[in-house]
Amino acid sequence: MMIDPDMLSDPIDRAADILSKARSVVALTGAGISVESGIPPFRGKGGLWEKMDPMEVAHIDAFMQDPERVWNLLIKDMKTVLDKARPNPAHTGLVELERLGKLATVITQNVDGLHQLAGSGDVIEFHGNFAWQRCMECGRLRRTAEVDLTRIPPQCDCGGILRPDCVFFGEMIPTEAMVRSQQVSAGCDVMLVIGTSATVQPAASMPFIARDNGARVIEINPEPSPLTGRISNLPLLGDAGRIIPQLVEAVKERLDSP
Ligand code: OAD
């Protein structure tokens, strides 16, 4: 007898049932997936934007006006926090879903590189990657780890100022990341939305694209987001590091004994 997913009462069971039958799964992740790796989120409890105004430290105009200030207020601390961060069970759980054939692509708003470090094979970095700094004069990239921070703002050999190879507010999303994200969102039949407040555009429009093209949207977040009940019809309330491993186990059980 076929089980109607909606008849299964436990949301993890329902999500696992949907995933085990899915043809193409895409995940959209945000800062929340890295909270258990020791990286604070931007919004909500303990969020970075509670302590500072993003328009003053994360807008391109603020950086252009006073790069030294933005390096001192934000970028140096980000480096310290990201240097120590390692993937948590949510990141490794997504790698396992990929191995099971139940996750094709991760679209991440994070710049911490933890999905790749965990082993995810296809990661679209929507907001760039903090592992690299780019010279504002000659465009040369260098590894953040190798940048000399004794002088702030750090400079390139050509004398130009270095900036993180990330998207500041007020900047365009890298074209390839934007185009591919729209494509994979439109082409999936299940989208997992994990640890994002879904408030920053255009990343927050990906679940809408998925849903408009017939996908089911499953959300993993300790609290409801603006998508909950509108776009995501299956919220799994809780920390990603706890929920994702449970979900992976439930999917495995179904794939082992269909
Ligand atoms: P936010 O900080 O806005 O949202 C983090 C979300 O993660 C919230 O909805 C939390 O409830 C949730 N959360 C917290 N702990 C969690 C956990 N253990 N497991 C799962 N979820 C958890 O982060 P983003 O939505 O990623 O952009 O923010 C989007 C963009 O705003 C960022 O990429 C950044 C920021 O300003 C730029 O800098 C351009």
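A polar contact is a pair of N or O atoms within 3.5 Å; within protein, one must be able to donate a hydrogen and the other to accept it, and residues adjacent in sequence count only if both atoms are side-chain atoms. Keep that rule at hand for the first exercise.

This is a predicted model, in which local features need pLDDT of at least 70 and side-chain atom pairs count only at pLDDT 80 or more, while totals for chains, interfaces and linings use all residues. Residues are numbered from 1 along each chain as its sequence is written, and side-chain values use heavy atoms, with hydrogens and water left out.

**Exercise 1. Describe the contact between domain 1 and domain 2**.

Step 1: Find the domains. Domain 1 covers 1-38 + 87-127 + 173-258 and domain 2 covers 40-84 + 130-166; these bounds come from an automatic or database domain assignment. Their C-alpha centres lie 29 Å apart.

Step 2: Nine residues from domain 1 and ten residues from domain 2 take part in the contact (heavy atoms within 4.5 Å).

Step 3: Look at the area. About 670 Å² is buried between the two domains, and carbon and sulfur atoms give 67% of this. Buried area is the accessible area (1.4 Å probe) that two parts lose on being put together, summed over both. A31, G38 and V111 supply 48% of what domain 1 buries against domain 2, more than any other three residues.

Step 4: Count the pairs. Between the domains there is one residue pair in polar contact, both at pLDDT 80 or more, and there are zero salt bridges (a side-chain nitrogen of Lys or Arg within 4 Å of a carboxyl oxygen of Asp or Glu).

**Exercise 2. Which residues does R254 join in one network of salt bridges**?

Step 1: Start with the total. The salt-bridge rule gives a count of 13.

Step 2: Take the pair with D13. The side chains of R254 and D13 meet at 3.6 Å, N to O. R254 sits in helix α10 (residues 240-256) and D13 in helix α1 (residues 11-20), 241 residues apart. Helices here are DSSP runs (H or I, at least four residues), numbered from the N terminus.

Step 3: Take the pair with D17. The closest N and O atoms of R254 and D17 are 3.2 Å apart. Both R254 and D17 are buried (under 20% relative accessible area, with a 1.4 Å probe and protein chains only).

Step 4: Through shared partners, salt bridges join D13, D17, K21 and R254 into one network.

How values were computed
Helices (H or I, at least four residues) and strands (E, at least two) are DSSP runs, numbered from the N terminus. Buried means under 20% relative accessible area, exposed over 50%, partly exposed in between (1.4 Å probe, protein chains only).
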